[in-house]
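Subject: Structure for you to look at

Hello,

Here is the structure I promised to pass on. My notes on it follow below.

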Amino acid sequence: MSATDGAEPSVSSSNGQVPVDALAAAGLAEVEAHTPILELAAIRAAYGQIQVLHGVSLKVFRGETVVLLGANGAGKTTTISVMSGQMTPTAGDYLLAGRRVNGAAPDALARIGVCTIPEGRGVFPNLTVTENLLMASYGGTPAARIKDQAFELFPRLAERRNQAAGTMSGGEQQMLALARGLVTNPAILILDEISMGLAPIIVDELYSYVARIARSGVSIVIVEQFAHRALAIADRAYIMAHGSVTAEGDPADMEAVLQASYLGSGH
Amino acid sequence: MDVKEILQLVVIGVAMGSAYAIAASGLVVTYTTSGIFNFAHGAIGMLSSFLYWQLTVQDGWPVWLSVIVVVLGFGPAVGAIIEFGIVRGLRGSSLATRIVVTIALMVFAMGLATNIWQGQSASLPGFFPDADPVRFLDVALSVHQVIVIVCALTVAVGLRFFLFRTRVGTAMRAVVDSPATASLNGIKPDVVSQLSWAIGAGLAALAGVLIGPMLQLEAFALTFLVINAYAAAVVGRLRSLPMTFVGAVGLGLFINLVPYVVEHIGFLSSALDGWRYQPALPAVFLFIVLMLIKDSSLRGARPTRARTMRVPTFTESVLGSAGVIAFTIVVAQFLSNDTLNRLQLGFGVGVVGLSLVLLTGYGGQVSLGQMGFAGVGAFAMLKFGGASGNPLGLLAAFALAAPVGALVAIPALRVRGLYLALTTMAFAQFMDETVFRHEGVFGSTSNALGRLSIFGVSTDGDKAYLVTVVTVLCLLSIGVLALRRSRYGRVLTGMRDSELASATLGIDPRAVKLVTFALSAGIAGVGGALMAMANEGAAAEQFALVQSLPVLLIVVVGGVGMVTSAFSGGLALGLMSIVGKQVDISNLDLLLTGVAAVGLSRSPEGWGVGLADQVTRIVPTSRRFAFLPGRPAPQPEPVDEVTPADVTRPSGVRAGGLV
Ligand SMILES: Nc1ncnc2c1ncn2[C@@H]1O[C@H](COP(=O)(O)OP(=O)(O)OP(=O)(O)O)[C@@H](O)[C@H]1O
Ligand SMILES: [Mg+2]
């Protein structure tokens, strides 16, 4: 592979050195209370030669909902790519339940319970709704259970079960993507801008589902532009700018920080 | 009109089409899941035919066991190995590299087969050769033909079921849709892709076992038979399995009915008298299909960022050329006539390779048919230069090949990427099978072609002629580099990076493409003329389709963006032919290209680029010798790439998927 190829986030292949198997055996959710279930320690990441993350550190404790905020291009999606295994950090440690998993493949992470809903609808457009749900069963949950629960939670999906996912409305597609996070019982759910391009009323609906997942004890990382919506259900928040974390605290404080910076930059 | 005769042809056409359908569906399965169009698909079928023949006819294995070993063992294993060893390394590489690697495999397989089963042009019995033919609609069908049709239907239904009704099959379609999302779902894209290659190659093997008995068992013919499968797959836009089946059966009918029609229509049969048009029918079919399909943003045209190499200045290219020529003059004194002749041929092909530096390296268009243009050049040389070696013959070669290139470029204005490569391949096959073999072109007896005689100085001697070939290569390289530095060259590379962006700047991409194609064909024509003069006579075999393929290979291996690849490629071909003669391995060059394929998947931009990097590291720019390739130009900041394909393709649904 040449240097330029690195400019596209490549799907790293799974290789044995990463202790994800041990994690799968131990169970991600069984982490002790004082150990973060997910931790990024001084993570650096780059697209080819272009350094994008300059030492991002954040922690997510078990059952916590954490929001990651920041302007366009701050590096939020890149941070999430590291968490999902789509990018391997160039430096720093990525820890799950206290174990270093740098370089683990996304499919390996998905199978141990790291469920990522990527930016811009993580569905397969040419597959039907049912088939999309069937694919979620690769994480280990039986296909029948996934389907039953998803259709019960989202009656709208049940109506469209044989429709190609790509022909559904944006909100419906996002529901389908979210259904995977909802019914596969992940240990960690990572959501990148699920509200992107959707009407506020749909966003409200989606967030009510997210709140429900949060109450069930799943640890959640949310990246959002609609800061207000996300902060309402968050336990803690981080603010990112230019590839590093610039502030961290409880949602109310962070909202204040955001407001100040928006005002400062003329918004 | 004899209804019964027509019915018989239709039934045979359907049986043949069924075999193509099996091959073509395998091609579609691998292409959609990996984005690699497997040119070696036919070669896998060919090897399977031979292996099956070896097992049954030679070693006396029972048929059922041989079928299992070949179709369920050998084929899938080859597919899985190719996926693991080569395809994985090609993610994100350029179209030229992706095409060339499987072509290298194809060429390698042909070399392998001709070595293992040397000169064996045996025939393979079909299934149940002694059984009575089946009568259907008053037409007799051999049991083998019935089995072929049944197999095709089974494969069609089976693939449909597998892809739509099983979890693994659905996962395969999911990976086609979005590999990234698939892995976020816990699917291992590598495993799925490997499985699809195993299935695809298994289908190729099945097709080989079924087609082998319908034809003569001959390595090249069986390999190129799969051009037929390409044609069928293109009907399905390389994506839709049902349309691929339709295309395959349509092709089977086309091949069988056209000769009947021609025979019965007076003026057609007299017009085509003396032309071997039948072998070119699949190419004609492919050409027609390519002309008919609408080129929406085809997946073959996925843009990639190519590295831009520093272009040597005029002084540098002249000094470098002088050095190369001087070196050749000195070395030529120590070489035997046979060695000299092989080098002449090698550098003659190098000139054809130079035409690809312009077309593919600078212009980003891939042609697999440059030998078709080279043959046109040789023809011109024969007619204008003749025995006298008039240098104007070279000019004529350019002048005749260039318009032919422009003609072929007309579909290029419509299709892009992979489809263009297939178009040029169809063209080369047509020239090879039909035009060059016509009596009136190169003549049946050996035609006397004198080597160049420049201002009365003859280059008849082998030393002198080698120097002449190298000199012409140098002069053309200087010209190509000058073009690259000109406004036209900047437009050309700009277009390679973004056709859309260039169009918005007021450049007409079609005009630029047409000119590029014509210039490139002209250069290839000169190369063909030089090759013919090296042999002191032009022959169809020199310009066969199979000769076109290594040309692209050698320049891509050498780094298709640099003129030096024409030199290294020419030298490599010459040396391979010399070594091949020493060690007495037939088709050594074909075998060595397999090595090149593996190498390329490790260094997709060609070894030459890697070498250039090393040189720049060791020798500071200011002190570098003029003829060394330059350091890659500084990379522009990679911004979020908005490519024309992204703009034109709605981000939601990609029509089709693997259906
Ligand atoms: N494939 C890529 N190649 C090169 N640079 C990239 C690539 N993807 C993102 N970047 C750069 O990395 C930086 C961070 O991008 P990222 O997508 O992480 O931002 P973000 O915070 O998610 O922004 P947004 O809110 O717009 O989604 C940006 O400057 C972006 O230009
Ligand atoms: Mg983002």
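Strands here are DSSP runs of at least two residues, numbered from the N terminus, and helices are runs of at least four. Please keep in mind throughout that this is a predicted model.

Two loops in chain A

His242(A) sits in the loop that joins strand E9 (236-241) to strand E10 (244-249) of chain A. The phi angle of His242(A) is near 45°, which is a positive value in a residue other than glycine. A residue is called buried at 20 or more other C-beta atoms within 10 Å, and exposed at 12 or fewer. His242(A) has 13 C-beta neighbours inside 10 Å and therefore counts as partly exposed.

Glu193(A) also has a positive phi, near 45°, and is likewise a residue other than glycine. Its loop lies between strand E7 (188-192) and helix H8 (200-215) of chain A. Is Glu193(A) buried or exposed? Glu193(A) is buried, because 21 other C-beta atoms lie within 10 Å.

Chain B is split into domain 1 (3-119 + 139-294) and domain 2 (310-631). Where they meet, 41 residues of domain 1 of chain B contact 41 residues of domain 2 of chain B. On the domain 1 side, helix H4 (95-116), helix H9 (219-224), helix H10 (226-235) and helix H13 (281-292) of chain B each supply at least two residues. H4(B) has the largest share of that side, with 16 residues.

The largest nonpolar core holds 293 residues, and the members that touch the most others are Ile22(B), Leu286(B), Val351(B), Met381(B) and Leu473(B). Helix H1 (residues 3-34) of chain B gives the most to this core, 16 residues. Both domain 1 and domain 2 of chain B contribute at least three residues each to this core. Leaving aside residues up to four places away in sequence, Ile22(B) touches Cys151(B), Ala152(B), Val155(B), Leu203(B), Leu206(B), Ala207(B) and Leu210(B).

A helix pair in chain B

Two packed helices are described by the angle and the distance between their axes. For helix H16 (residues 370-385) and helix H23 (residues 509-534) of chain B, the axes come within 6 Å and cross at roughly 60°. H16(B) and H23(B) are therefore oblique to each other, and their crossing is right-handed. The contact includes Phe373(B), Gly377(B) and Met381(B) from H16(B), and Ala524(B), Gly528(B) and Met531(B) from H23(B). Met381(B) is also one of the core residues that touch the most other members.

Regards

Technical notes
Residues numbered from 1 in each chain as written. Chains lettered and ligands numbered in written order. Predicted model: local features only at pLDDT ≥ 70, side-chain atom pairs only at ≥ 80, totals over all residues. Core = buried A, V, L, I, M, F, W, Y, C linked by C-beta atoms within 7 Å. Domains from an automatic or database assignment. Contact = placed C-beta atoms within 7 Å. Axes fitted to C-alpha atoms, helices over the stretch in contact; angles between N-to-C directions. Parallel < 35°, antiparallel > 145°, perpendicular 65-115°, else oblique. Left-handed = near helix turned anticlockwise from the far one by under 90°.
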